Amino acid sequence: MGIMTLSKLKQMYRRISAVVYSRPRLGKTTMLKEILKEGDLLFVMFYDRGLPDLLTWEEIKEWDVDTLLRATSDKSILDVRKNLTWFDKKIKECIEKGVEPWRIWFAIDTVTHLEKEFLTECRTIQLKGAGTDLVVSEDLQRDANVQFDYNVVQSWMQEVVSRSMALPCNVIFFALEKYDKEEKLYMPQLTGQNVSKVSGDVQLVARMIHHGKTGSKRVLICRSQPNCIAGARGGRTVLNENEPPSLIRIRNKLLGINVGVSDGSTSQVGEKVE
């Protein structure tokens, strides 16, 4: 039975989850580099360009990447399921060895690209009539295929999000952004219910933009805005409207951890890393 013990509750309250979305090439993947600089563990599933966007070859040789980083880029739903099972096992092993859940990160970069990979996989599945004498028009067959692809992709994506959220560590989903003309909102670029699933399950939805007169400064919009989906669960106001693009800083603020981050600043009063 899934009885909620004190240790399980402690794990739930000592980690964060978020979706960060923006237009392409704004620096979402680069945010993961800070995690490695801080010496935290990073488990990541890449579906964009991947590791070359995260680390230079010199950094790979210089840092203890073999210890801190585990990355995959398998695209089929069967491989994704296997990888999530393996990640779950390894993360729990790290926690059993004494690593705090808030020092472990799992990320998908990006869920937008993963959804497209699932759609490509769905299109390889051929639908056929139930009987040999059944004649189906091309238009009906095409409509059936489109609806089948849509429903399967929705199901697979929601499975991946649910299993990711069940991991006992920080969970980050990166996504591209889209503009919904009807809603007049910027939001994560996903189809149908997947937008609500991802945005509704996480603690924080943040949009990354260029800020300032020159547009050279990147910030994360972390509070509700009239033109975009953003904000933290429960209307928590510990985060400023605009935050620096630092997952470490956001984690420290949300959890009340007083740890210096790579930009030299600190967050809330709380527990220190030993």
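The legends below describe several close-up views of a predicted model.

Figure 1. The protein has 274 residues, of which 45% count as buried, and it contains 10 helices and 10 strands. Among the contacts with a sequence separation of 6 or more, 67% are between residues 24 or more positions apart. The largest nonpolar core is made of 78 residues, and those with the most contacts inside it are L32, L42, F106, I108, F118, F173 and L247.

**Figure 2. The cis peptide bond between D109 and T110.** Most residues other than glycine have a negative phi, and most peptide bonds are trans. Here, D109 and T110 are joined by a cis peptide bond, with omega at about -5°. T110 sits in the loop between β4, which spans 104–109, and α7, which spans 111–122.

Figure 3. R25, a residue other than glycine, has a positive phi near 60°, and it belongs to the loop between β1 (17–22) and α2 (31–37). Because its relative accessibility is 79%, R25 counts as exposed. K184 likewise has a positive phi near 60° without being a glycine, and its place is in the loop between β5 (170–180) and β6 (185–188). With a relative accessible area of 55%, K184 is exposed.

Figure 4. K28 is located in the loop between β1 and α2. Although K28 is buried, it has no salt bridge, and D109, the nearest side chain of opposite charge, is 6.2 Å away; a salt bridge would require a nitrogen and a carboxyl oxygen within 4 Å. The side chain of K28 does make a polar contact, at 3.1 Å, with the side chain of S22. Not counting residues up to four places away in sequence, K28 touches V20, Y21, S22, R23, T110, F174, A175, L176 and M208, and T110 in this list is the residue joined to D109 by the cis peptide bond.

Figure 5. E115 is found in helix α7, and it is buried yet has no salt bridge, the nearest side chain of opposite charge being K178 at 7.3 Å. A polar contact of 2.7 Å links the side chain of E115 to the side chain of N194. Leaving out residues up to four places away in sequence, the residues that E115 touches are V153, M157, Q189, L190, T191 and N194. K116 also lies in helix α7, but this residue is partly exposed, with a relative accessible area of 45%. K116 and L190 are 74 residues apart in sequence, while their C-alpha atoms are 9.2 Å apart in space.

**Figure 6. The buried face of helix α9.** In helix α9, which covers residues 193–201, the buried residues are N194, V195, V198 and S199. Seen down the axis of α9, these buried residues fall within an arc of 120°, so they line one face of the helix. Q193 and S196 are exposed on the other side of α9. N194, one of the buried residues, is the partner of E115 in the side-chain polar contact of 2.7 Å.

**Figure 7. Salt bridges between and within parts of the chain.** The structure holds 10 salt bridges, and one of them joins the side chains of D40 and R251, with N to O at 2.8 Å. This pair links distant parts of the chain, D40 being in the loop between α2 and β2 (41–46) and R251 in helix α10 (residues 247–255), 211 residues apart. D40 counts as buried at 1% relative accessibility, and R251 counts as buried at 2%. A second example is the salt bridge of E117 with K75, whose closest N and O atoms are 3.7 Å apart. E117 lies in helix α7 and K75 in the loop between β3 (69–72) and α6 (77–96), so this pair ties together parts that are 42 residues apart in sequence. E117 is partly exposed, with a relative accessible area of 23%, and K75 is partly exposed at 43%.

Notes. Residues are numbered from 1 along each chain as its sequence is written. This is a predicted model: local features need pLDDT of at least 70, side-chain atom pairs count only at pLDDT 80 or more; totals for chains, interfaces and linings use all residues. Side-chain values use heavy atoms; hydrogens and water are left out. Helices (H or I, at least four residues) and strands (E, at least two) are DSSP runs, numbered from the N terminus. Buried means under 20% relative accessible area, exposed over 50%, partly exposed in between (1.4 Å probe, protein chains only). Lys and Arg count as positive and Asp and Glu as negative; His and the chain ends are not counted. A polar contact is a pair of N or O atoms within 3.5 Å; within protein, one must be able to donate a hydrogen and the other to accept it, and residues adjacent in sequence count only if both atoms are side-chain atoms. Contact means heavy atoms within 4.5 Å. The arc is that of the directions from the helix axis to the C-beta atoms. A nonpolar core is a set of buried Ala, Val, Leu, Ile, Met, Phe, Trp, Tyr and Cys residues joined through side-chain atoms within 4.5 Å.
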